[in-house]
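Look at the structure below and follow the chain as you read.

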Amino acid sequence: DKDQWLSIQSNTFLDWANHWLKQRDIEIYDLSKDFCDGINLIHLVEILSGGKVGLYTKKPRIPAQKVDNIKNAISFVEKTWGVKCIGLNPVDIMEGNHKQILGLIFLLVNKASKKTNRI
């Protein structure tokens with residue numbers, strides 16, 4: 001059943017993200033909401049890469065700041081792992097598009113585990 005598979009995938013990716021985010025004492029509960037301002041996404045890509053995203057809005061209040069944070073995180077992923085994040089839309093991620101977020105997490109799982117031998 002498609003809904004059951006989506007739920008299992010979501011929970012697996014949520015657990016994976018929390019495994020890494022706990023290094024910064026962060027825990028997320030909902031993939032559709034907890035990446036919407038880009039902050040937790042930035043923390044995750046920094047942890048996975050060992051690098052720094054650079055300047056971003058630490059307390060985004062308006063949609064433009066949230067979208068910029070997500071764009072910064074995606075650009076950092078592209079530069080760090082040499083990939084093109086085709087089809088990922090920062091606005092969709094901000095708005096909680098579950099498929100977009102799962103696609104992004106899937107990309108991070110694959111690229112991070114290949115580059116760092118971490119899963």
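The model has 1 salt bridge, a term for a side-chain nitrogen of Lys or Arg within 4 Å of a carboxyl oxygen of Asp or Glu. Its partners are Arg24 and Glu46, whose closest N and O atoms are 2.7 Å apart. Arg24 sits in the loop between helix 1 (2-21) and helix 2 (31-34), and Glu46 in helix 3 (residues 39-49), so the pair ties together parts that are 22 residues apart in sequence. Side chains of opposite charge can pair when their charged atoms come close. Helices here are DSSP runs of H or I with at least four residues, numbered from the N terminus.

This is a predicted model, in which local features need pLDDT of at least 70 and side-chain atom pairs count only at pLDDT 80 or more, while totals for chains, interfaces and linings use all residues. Residues are numbered from 1 along each chain as its sequence is written, and side-chain values use heavy atoms, with hydrogens and water left out.

How exposed are the two partners? Arg24 is partly exposed, at a relative accessible area of 28%. Glu46 is buried, at 5%. Buried means under 20% relative accessible area, exposed over 50%, and partly exposed in between (1.4 Å probe, protein chains only).

The loop that holds Arg24 also holds Asp25. Asp25 is exposed, at 75% relative accessibility. Its phi is positive, about 55 degrees, although Asp25 is not a glycine.

Now turn to helix 3. Of its 11 residues, 10 are buried, so helix 3 is largely enclosed by the rest of the structure. Among them are His43, Leu44 and Glu46. Gly50 follows helix 3 and has a positive phi near 80 degrees.

A nonpolar core is a set of buried Ala, Val, Leu, Ile, Met, Phe, Trp, Tyr and Cys residues joined through side-chain atoms within 4.5 Å. The largest has 39 residues, and Trp16, Phe35, Leu44, Ile105 and Leu108 touch the most other members. Helix 1, helix 3, helix 4, helix 5 (90-94) and helix 6 (98-116) each give two or more residues to this core. Helix 6 gives the most, with 8 residues. Leaving aside neighbours within four places in sequence, Leu44 has contacts (heavy atoms within 4.5 Å) that include Trp16, Phe35, Ile105 and Leu108.

Helix 4 (residues 63-81) has 19 residues and reaches 27 Å from first C-alpha to last. Its buried residues include Ile70, Phe76 and Trp81. Just after helix 4 comes Gly82, with a positive phi of about 60 degrees.

Notes:
The expected span of a helix is 1.5 Å times one less than its number of residues.
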